[in-house]
Amino acid sequence: MKKMMMRGGLMLAAGMMASVAQAQPVKPTVVLVHGAFADSASWNGVITVLEHDGYRVIAAPNNLRGVRADADVVADVVKSVAGPVVLVGHSYGGSVISEAAEGAANVKALVYVSAFAPEAGETAIGLTGKFPGSTLGPTLAPPVKLSSGGNDLYIQQNLFPAQFAADVPLASARLMAAGQRPIAEAALGEPETAPAWKHTPSWFIYGDADRNIPPAAMAFMAERAQSRQTVVVKGASHVVMVSHAMEVAGLIEKAAKAE
């Protein structure tokens with residue numbers, strides 16, 4: 001009789017534990033999209049924090065060829081995820097996630113990290129010039145002509161640290177300069193078609209010392225998108241996710257937990 005009671009108690013406890021486990025909300029998967037002149041390694045610090053806190057993270061490929069083509073690649077990654085997704089974009093990657101999230105029912109939040117959030121018909125290059133402050137143009141290297149047509153753009157390596165990553169240790173910034181991914185010139189002039197931020201909750205974080213995208217432009221886009229929370233990091237460069245990974249990861253986690 002005593003053994004039967006113990007067995008019954010164990011079964012009840014197991015059932016209660018299973019019920020509690022089922023009641024725990026599933027954490028969203030975080031999909032990260034890098035921008036121009038960067039690569040997925042730029043998210044390493046953010047990934048470390050998110051994974052430590054129990055989030056599954058995917059650094060999605062971004063070919064930097066064109067808004068629609070790049071968005072299609074990211075959208076396919078999002079579709080492969082079972083469950084909710086927080087979609088995060090840096091710089092030009094903001095244009096990509098805005099397009100990729102349109103029609104994706106599992107995207108619960110968008111996070112813009114020093115990123116563009118264009119309206120339909122707007123372009124990255126147009127938004128960069130909408131407000132004063134960008135010094136990117138003069139730092140670009142002579143375009144690399146592509147055999148398939150068009151040009152690829154790079155930042156001159158010797159100017160990259162000050163332009164792109166002024167608050168990153170110089171040795172790291174030089175490595176980033178050597179490994180930078182070029183963007184097709186045409187991509188910066190390709191208009192957005194259907195921005196998902198119009199109906200998907202968004203969060204914004206950027207540095208007030210950004211030399212690529214004017215901080216005033218990012219403040220304008222955040223306000224227009226009715227950002228749930230906008231964080232401005234004092235003294236941060238364009239790669240705020242590298243220099244302030246904890247702050248960026250913290251905002252992503254807020255977006256993940258929001259109702």
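**Figure 1. The largest pocket of the predicted model holds about 210 Å³ of space.** A pocket is here an open set of points, on a 1 Å grid over the protein atoms alone, with protein on both sides within 12 Å along at least five of seven lines, and its lining residues have an atom within 4 Å of a point; the volume is the space filled by probe spheres set on the points, which are joined across faces, edges and corners. Sixteen residues line the largest pocket, and the closest to its centre are Phe37, Ile125, Thr128, Leu136 and Leu188. Helix H5 (residues 124-128) gives the largest share of this lining, three residues, where helices (H or I, at least four residues) and strands (E, at least two) are DSSP runs numbered from the N terminus. By residue class, the lining comprises eleven nonpolar, five polar and no charged residues, with Ala, Val, Leu, Ile, Met, Phe, Trp, Tyr, Cys and Pro counted as nonpolar, Asp, Glu, Lys and Arg as charged, and the others, Gly among them, as polar.

**Figure 2. Helix H3 (residues 67-79) and helix H4 (residues 92-100) cross at roughly 65°, their axes coming within 8 Å.** The axes are lines fitted to C-alpha atoms over the stretch in contact, and angles run from 0 to 180 degrees between N-to-C directions. Val67, Arg68, Asp70, Ala71, Val74 and Ala75 of H3 meet Tyr92, Ser95, Val96, Glu99 and Ala100 of H4, contact meaning heavy atoms within 4.5 Å. The residues of this contact divide into seven nonpolar, one polar and three charged.

**Figure 3. Ala222 is a buried residue in helix H9 (residues 215-224).** Ala222 counts as buried because its relative accessibility is 2%, buried meaning under 20% relative accessible area, exposed over 50% and partly exposed in between (1.4 Å probe, protein chains only). Apart from its neighbours within four places in sequence, Ala222 is in contact with Phe204, Ser227 and Thr230. Val168 lies 54 residues from Ala222 in sequence, and the two are 25 Å apart in space, C-alpha to C-alpha.

Figure 4. Of its 259 residues, 48% are buried, and among contacts between residues at least 6 apart in sequence, 73% join residues at least 24 apart.

**Notes to all views.** Residues are numbered from 1 along each chain as its sequence is written, and side-chain values use heavy atoms, with hydrogens and water left out. Since the model is predicted, local features need pLDDT of at least 70 and side-chain atom pairs count only at pLDDT 80 or more, whereas totals for chains, interfaces and linings use all residues.

Conventions: 1 Å grid on protein atoms, 1.4 Å probe; cavity = no way out; pocket = protein on both sides within 12 Å on 5 of 7 lines; lining within 4 Å.
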